[in-house]
Structures are given as structure tokens and as C-alpha cells.
Amino acid sequence: MSEPGVLGHAGVATVQATAEELARRAVARDEDAWSAIFEAHYRGVYAFVRSRLHGAAEAEDLASQVFEVAFSRAHRFDYRGLPIEAWLIGIARNLVRDHLKKLGRRGSTEELTDTMGAFESDATDIVANRHQLTAAMRVLTEDQQTVLSLRFLMDRSVADTARVMRRSEDAVKNLQRRALASLKRAMEKQGVAP
Amino acid sequence: MSSKRIDRLLAETLDGGRIPDDATLEERNEVLRLVAAAQAIQATRATVTLEADRTFATSRARFERHLAGARPSAGARRPRFSGRFGALAACGSLATAVVAVLAVLFGLGLFTSDVDTANAIEVGDFVQFEGTIPEGGVSADGKTLDVETSFGRFSVEILHDTSVVDGTDLLEPGSLRPGDTIVIAGLVGERNRLQAASLSRSDGTPVPPPGLRIRALGDFLPGIEGVVVAVALPKDGLQARVVIETTAHERFLLVVSASTVAELVEAGAGGLGAVVRVVDDAGADPGVLGLDVSATSERPLRGVNIAGVVLSADGPVLELSTLRGSRTVVLRESTRIVLPEGSLSPAERDRPGALVGHRVAVQGQSAADGRFHADVLIVGAEHRPGDRLDGPLRGP
């Protein structure tokens, strides 16, 4: 993402022109452009999706689906200053929402076993904490969940978050405050002190 | 302590790593509480990053396969319904949710040996598939069509109550001609005969000849996603057989529960052309799999033509209360009644008036007399006072 404070106006213009060119090629379903998009954004999309789901496998699956959906809808992507990441995050939000709805309709419980536990020295606690956090996040509104994921999991600046969410920076600051307050209350209700 | 001030103090603390000096004690405490919540999320970042790195290569390979599958090339065919899905959606009256199942062609004796032995299209199944009328394929009286499908040739009988449509327009049966590509729904009889419940002219792309192998999928295998090219409903309404064609032009046949069929219908993608992903159906009988509608399907598509509550039943004629008022629905001999879990048993279904009071979803066509001819009727839970007429089949 561009950072006006670092690059200056000319640098920003260059970055935006590059992003626009990439978007144009993506709309044309240029495979190299899509590979570049995947390389640039998969990890962020995965993190975004992962914050809402208990299982790593389903997060991987949904994250992959985001790019497949985006590719299938490439002709609909209207780049007018909208970052590709914003578009991908929008698709991810919808996929996660639909996924959780289906789970709810089936009455099925998600697999609570974290399949990545082998990497962690204290897997049990980390997995338990993450589950509690995920459960607490689900109490929040979608916008609140989005701002927390972008800011604290994907480490996006306020400015970048504002671009992705198409809001002002003040609105993002306000939203993140309310989201953190809601998250804290939700975690306290679970008996978990953040 | 204004919220705007806390917004600023919090943002500066998160950016700079320390609370600004001008914060009051009360503001400081508030900011610390909020930062603690942020840190709870940040604590998971390292693990999530590891996971993302670990899954990157696999997911990239999957995406590259997806790109390759979408690549047009001389000999390869795109999934048949990827461009046609919207056209089917526009049909409106098309009975979806049931697509022809891949037959054991050896059993029927008319198909090539290029197709794997899979499940049979059993006599009595309600099926739906697409086919092309070849030259000479219309009988002199216009009541029988020979239709070439990717599963072989079928002899399709047009009955007095067969609906023939083009989009939402009713057609005269005799208006179908050689070269027309049509979606056929109906009851399978002996020797590849089919009594048509409905015929719908589609966008005209000729149907490929038989040749794709179909593999029966008894156990769950991850990563299978494709377009539904067939579903068949046996008479008992408890299960369905589905054929999916992947972007790599592999076809898989699987058995799904009636509940899965209902979910497909409710998701608005209940039939031909739906893009689905095979999932494990927890709690289902062995060999029964599930389907999730992939987000790559065009949305919204209403696979359900009518949804409501059965107010009364006079033999095969039902009166439904829907959000748009009362509708008369006619159950025909070919109508398949699907019974998801929690609706009715087959024995209960056969009792007179069994459907009264139940939520139902019906797919079919509007007839010239204003009644709705049902091809598929999915039975839901009993309607309770206060429930929405268009609520989920299983109830709120």
C-alpha cells in the first residue's frame, strides 16, 4: 500500500499508476497479474479470514476461495482508486459470513482442534486463547471485526485501513476504539482478561 | 473524557508506543484497557503469520490450477454451464435442483464404454439434464423427441401437461426443432425413455457427445469443486445423486441427502449450473456426502420458485400461502417430494393431507391456467404462528 508520508506526491502517483495498471490487467484476466495479486495479498487475506474461524484448514480453504471468486468476477472489478485489497477483503467478508451461516444452519460445530498445533511450544494454551478471542470477535459487528483484523492482525496503518474500508481516518479511529471496547467487554464476559 | 479525545489518544498510543503526556489519569486508564484488547489480537499475529506462510505454497498451487482450468485452449471445454448459468437463472420457471444423474450405461445398454460404471439412472427417478435435438429428432406428431445428451441419447415423450418454455414464455410443444438445446426434466422409464415434466429451451450451445468418464465418489475427498450437471431424485425423496463436472473436466457422481438438496435450493443454487464444493456431511450415512454452494456461483439465483406454507390439500392440488398471496400448486405423477431430515418420513408423506401446515419450497413452472406445476417439492418443518412465510424450511 502506498504511504504518502514516505514517498511524496510523485511517488504516490507512481505507485497508484502501477496499481491501476495491475488492476487493468487483472480485469483482463492476465494470469501474471493474478499471480502477482495472489503473491501480494494471500497472507493478508488468510489473516483476515483466520481471525473469524476456529480452524486453520477452513481458513486456508476460504482464503483460496477469495482469489478464485475474485478471478471469476474480474470483469466486475472497477478500479477507481479502490485498492485491490479492499475488493479482496470485501469478498472475504462475504465468504466468511456465508460459511458461518451454513455452519449455523447445519447445527454443526466447527472443528476446534487447531491443526497447526505442532508448531507451537505451548499449543494448548495458545489454541484455547485463540478460540476465546475468535468467539469474542464474533460478538462484534462486521465492521468492528474488519477494523480490528486490518489494524492489529494485518498491521495496516490507519490511513491504509481507511482506504480499504472506504472511510475517513477519523472514522477508522472511532471505529477501532468502539471495536476494542466491545472486544474487551466480550472477553470479560467469557471470563478472559485481555 | 470525550470519545474524540480517546480516539486520538488511542491512535497515538498505538502508533507511538506510549500514551501522550496530555492524557488525564482517567483517559490513561481507558487507553490502557483498549490497548490491552488490541494486544490480545496482536498476540496471535505470529502464529497466524506462520500459518499463512505454511499454507501459501499449497494455496498458490491450487490457484494456479484454477487459472489453468479457466484458460481457454483448443480441445478443452469450459464448464458447460459457466456462461449459461445466468441464462438458466433468467428462465425463472425452470425446474432446477434436479439434474440428470449419470447412469450405469452398461445397465441401460445404450452408452459407450468410455463412461465409468457408476450409479444407475433407475426407472422411476426424476432427472434433469441438457440435450440437443439432432436432425430428424422430432417425431411427425411432435410428441416425441430424440435428444442427444452427454450421457447418451434419450427418447423424450411430451405429455399433455408437459411444460414447454423459453425463459418465462410458454411455448407450443411443436415449436421445438432440431438443433435446439433444451433442458429436460422428467421421469425415467425403461430403455432410456423419459416422460418430460418440463422442457426449457436454453441458449443453444450444442451439448457435447458422451465421453467424459464419471467416477463414483464414495468417500469424501477434499478439493473437489465443480458445476452441477446432474441430480436425480429417487421416489423415496430421502437422497439424491449428483454429478459434478470440475474445471479439469472430470466428472464425479456422489450421493447426497435430501437435506443437502434442500440447502442447495435455499442457497438459491439448487440445480443445473450451480457451482458447488464437495464437503463431508457429518452425521450422514456412510457414502453420503455434502455440498456447499461455492461463492463462484452467480448470485443471487433463486432456485426456489415458490416458498410458503401448505394451507390445504385436495388430492394432488395444494393451496399455498406465500408472501405474494395464495398459490395453487399441482403435484403431478412426476413430482418428486424431497424429505429433508426433520420434515416427514416417506410413510407420513403418503398420508392424505400430510403436507398441510408444513413449510415447503416448490420448483416447477407456471401453467397457462395460472396454477403452478411442481417438479420438485421440498418439505420443511411445520409452520408455527409467528414464523415468516419465507423463512428457512427448517423453521427459525
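Q: Which residue stands opposite B:Ser312 in strand 14 of chain B?
A: Strands of a sheet pair through backbone hydrogen bonds, either parallel or antiparallel. In this predicted model, B:Ser312 has B:Glu319 opposite it in strand 14 of chain B. The two strands concerned are strand 13 (residues 306–314) and strand 14 (residues 317–322) of chain B, which run antiparallel and are joined by five bridges.

Q: How many residues lie between strand 13 and strand 14 of chain B in their hairpin?
A: There are two residues between these strands, and B:Gly315 in this hairpin takes a positive phi near 65°.

Q: How does strand 14 of chain B pair with strand 15 of chain B, parallel or antiparallel?
A: Strand 14 and strand 15 (residues 325–338) of chain B run antiparallel, with six bridges between them. One pair that may be located in the structure is B:Val317, which stands opposite B:Val330 in strand 15 of chain B. Strands 14 and 15 of chain B also form a hairpin, with two residues between them.

Q: In what order do the five strands of chain B close into a barrel?
A: The order is 13-14-15-17-16 in chain B, and the pairing is mixed. On average, neighbouring strands of this sheet are turned by 55° against each other, direction ignored. In strand 17 of chain B, the residue opposite B:Ala361 is B:Ile378.

Q: Why may strand 11 of chain B be called largely enclosed?
A: Strand 11 of chain B is largely enclosed by the rest of the structure because five of its six residues are buried. Its pairing can be followed on the model. With strand 8 (residues 225–233) of chain B, strand 11 of chain B pairs in the antiparallel sense over three bridges, and B:Glu225 stands opposite B:Arg277 in strand 11. Strand 11 of chain B is also joined to strand 12 of chain B by five bridges, the two running antiparallel. There, B:Val279 has B:Gly290 in strand 12 of chain B as its bridge partner.

Q: Is B:Ser155 buried or exposed?
A: The relative accessible area of B:Ser155 is 17%, and therefore B:Ser155 counts as buried, the limit being under 20%. B:Ser155 belongs to strand 3 (residues 152–166) of chain B. Leaving aside neighbours within four places in sequence, the residues in contact with B:Ser155 are B:Thr144, B:Leu145, B:Asp146, B:Asn192, B:Arg193 and B:Leu194.

Q: How many helices and strands are there in chain A?
A: Chain A has eight helices and zero strands, and along the sequence its pattern is α-α-α-α-α-α-α-α. Of the 194 residues in chain A, 51% are buried. Among contacts in chain A between residues at least 6 apart in sequence, 64% join residues at least 24 apart.

Q: How many residues of helix 7 of chain A are buried?
A: An α-helix has 3.6 residues a turn, so residues three or four places apart point the same way. Helix 7 of chain A is mostly covered, with six of its eight residues buried. The buried residues of helix 7 include A:Val158, A:Thr161 and A:Met165 of chain A. A:Arg166 follows helix 7 of chain A and has a positive phi, near 60°.

Q: Where in chain A do A:Arg29 and A:Asp155 lie?
A: A:Arg29 is in the loop between helix 1 (4–27) and helix 2 (31–50) of chain A, whereas A:Asp155 is in the loop between helix 6 (142–153) and helix 7 (158–165) of chain A. A:Arg29 has a positive phi near 60°, in a residue other than glycine. For A:Asp155, too, phi is positive and near 60°. A:Arg29 is partly exposed, with a relative accessible area of 33%.

Q: What is the area buried between chain B and chain A?
A: The size of an interface is often given as the accessible area lost when the parts come together. Between chain B and chain A, the buried area is about 4900 Å², and carbon and sulfur atoms give 59% of it. In this interface, 49 residues of chain B are in contact with 51 residues of chain A.

Q: How many salt bridges are found across the interface of chain B and chain A?
A: Eight salt bridges are found across this interface of chain B and chain A. One of them joins B:Arg62 to A:Glu68, with the closest N and O atoms 2.7 Å apart. Helix 3 of chain B gives the most to the side of chain B that touches chain A, with 17 residues.

Note on methods:
Residues are numbered from 1 along each chain as its sequence is written. Chains are lettered from A and ligands numbered from 1 in the order in which they are written. This is a predicted model: local features need pLDDT of at least 70, side-chain atom pairs count only at pLDDT 80 or more; totals for chains, interfaces and linings use all residues. Side-chain values use heavy atoms; hydrogens and water are left out. Two strands pair if DSSP finds at least two bridges between them. Helices (H or I, at least four residues) and strands (E, at least two) are DSSP runs, numbered from the N terminus. Axes are lines fitted to C-alpha atoms, for helices over the stretch in contact, and angles run from 0 to 180 degrees between N-to-C directions. Buried means under 20% relative accessible area, exposed over 50%, partly exposed in between (1.4 Å probe, protein chains only). Contact means heavy atoms within 4.5 Å. Buried area is the accessible area (1.4 Å probe) that two parts lose on being put together, summed over both. A salt bridge is a side-chain nitrogen of Lys or Arg within 4 Å of a carboxyl oxygen of Asp or Glu.
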